[in-house]
Amino acid sequence: MEKTIIFLDIDGVLNQLQRNYFIDIDCVEVLAELCKNINGEIVLSSTWRLGYSNIGKSTPQVEKLKHIFESYGIKIVGRTPKLGDRAEEITKFIQLYGIDKYLILDDDKREFLSGLLPHTFIVNNRTGLKGYKLKDILKALSN
């Protein structure tokens with residue numbers, strides 16, 4: 001099965017927005033189920049990406065996130081560059097690595113100043129992913 005890249009925002013998606021640097025395990029469980037269903041791997045598009053390193057140590061928050069993800073079988077494979085708005089950063093990553101299949105999980109349309117990209121699922125930041133059924137998220141892949 002072909003890999004699907006999931007461009008992942010953290011705050012508002014894996015937690016409730018008012019609880020920064022907190023990871024809600026119920027949200028992680030939804031993400032893990034999604035990854036299993038679509039053969040998904042994570043590229044961080046969140047501001048958390050600035051603390052991510054695939055060589056050496058990441059920030060303590062990201063190290064904790066990596067540990068949680070590992071325990072659920074979720075794999076982080078990279079991060080988007082810091083260019084401007086999220087749409088621009090994700091587009092550049094897609095072009096750079098020739099990504100064909102992707103899904104964007106974010107809670108803030110304002111991060112996409114140049115416009116929402118296809119396959120974007122906007123999450124309610126009051127519930128994070130735990131407020132959704134898998135089938136609702138999967139619909140974004142057909143957009």
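**Cysteines**

I started with C35, which is buried, as its relative accessible area is 6%. For burial I use under 20% relative accessible area as buried, over 50% as exposed and anything in between as partly exposed, with a 1.4 Å probe and protein chains only. What I have here is a predicted model: local features need pLDDT of at least 70, side-chain atom pairs count only at pLDDT 80 or more, and totals for chains, interfaces and linings use all residues. Residues are numbered from 1 along each chain as its sequence is written, and side-chain values use heavy atoms, with hydrogens and water left out.

How many disulfides does a search of the whole structure find? It finds zero, taking a disulfide as a pair of cysteine sulfur atoms within 2.5 Å. C27 is in no disulfide, and its nearest cysteine sulfur, that of C35, is 13 Å away. C27 counts as buried, at 0% relative accessibility.

**Overall layout**

I then stepped back to the protein chain, which has four helices and five strands. Both kinds of element are DSSP runs numbered from the N terminus: helices are H or I with at least four residues, strands are E with at least two. Read from the N terminus, the order is β-α-β-α-β-α-β-β-α. The radius of gyration is 14 Å, close to the 15 Å that the globule rule gives for 143 residues, so the chain is as compact as a globular protein of that length. That radius is taken over C-alpha atoms, and the rule is 2.2 Å times the number of residues to the power 0.38.

The C-alpha trace spans about 35 × 35 × 30 Å along its principal axes. Of the 143 residues, 50% count as buried. I also looked at contacts (heavy atoms within 4.5 Å). Among those between residues at least 6 apart in sequence, 67% join residues at least 24 apart.

**Strand β1**

Next I picked β1, residues 4-8, where five of five residues are buried. Side chains in a regular strand alternate between the two faces of the sheet. I checked both faces of β1: T4, I6 and L8 sit on one side, I5 and F7 on the other, and all are buried.

Which strands does β1 pair with? I counted two strands as paired if DSSP finds at least two bridges between them. With β2 (residues 40-44), β1 pairs in the parallel sense over five bridges, and F7 stands opposite V43 there. With β4 (residues 102-106), β1 also runs parallel, joined by four bridges. I5 has Y102 as its bridge partner in β4.

**Aromatic rings**

My count came to four aromatic pairs. The rule takes rings of Phe, Tyr and Trp (its six-membered ring) with centres within 6.5 Å; planes under 30 degrees apart are stacked, over 60 edge-to-face and the rest tilted. F7 and Y102 make an edge-to-face pair, 6.1 Å centre to centre with 75° between the planes. This pair links distant parts of the chain, with F7 in β1 and Y102 in β4, 95 residues apart. F7 is buried at 0% relative accessibility, and Y102 is buried at 10%.

F93 and Y97 form a tilted pair, with centres 4.6 Å apart and planes at 40°. Both lie in helix α3 (residues 86-97), four residues apart, about one turn of the helix. Ring pairs link F7, F93, Y97 and Y102 into a cluster.

P81 is in the loop between β3 (76-79) and α3, and counts as partly exposed at 28% relative accessibility. P81 and F93 are twelve residues apart in sequence and 7.3 Å apart in space, C-alpha to C-alpha. Not counting residues up to four places away in sequence, P81 touches R49, E89, K92 and F93.

I finished on T120, found in strand β5 (residues 120-122) and buried at 13% relative accessible area. A polar atom of the T120 side chain lies 2.6 Å from the backbone oxygen of L117. Leaving aside neighbours within four places in sequence, T120 is in contact with I104 and A140.

Terms used:
A polar contact is a pair of N or O atoms within 3.5 Å; within protein, one must be able to donate a hydrogen and the other to accept it, and residues adjacent in sequence count only if both atoms are side-chain atoms.
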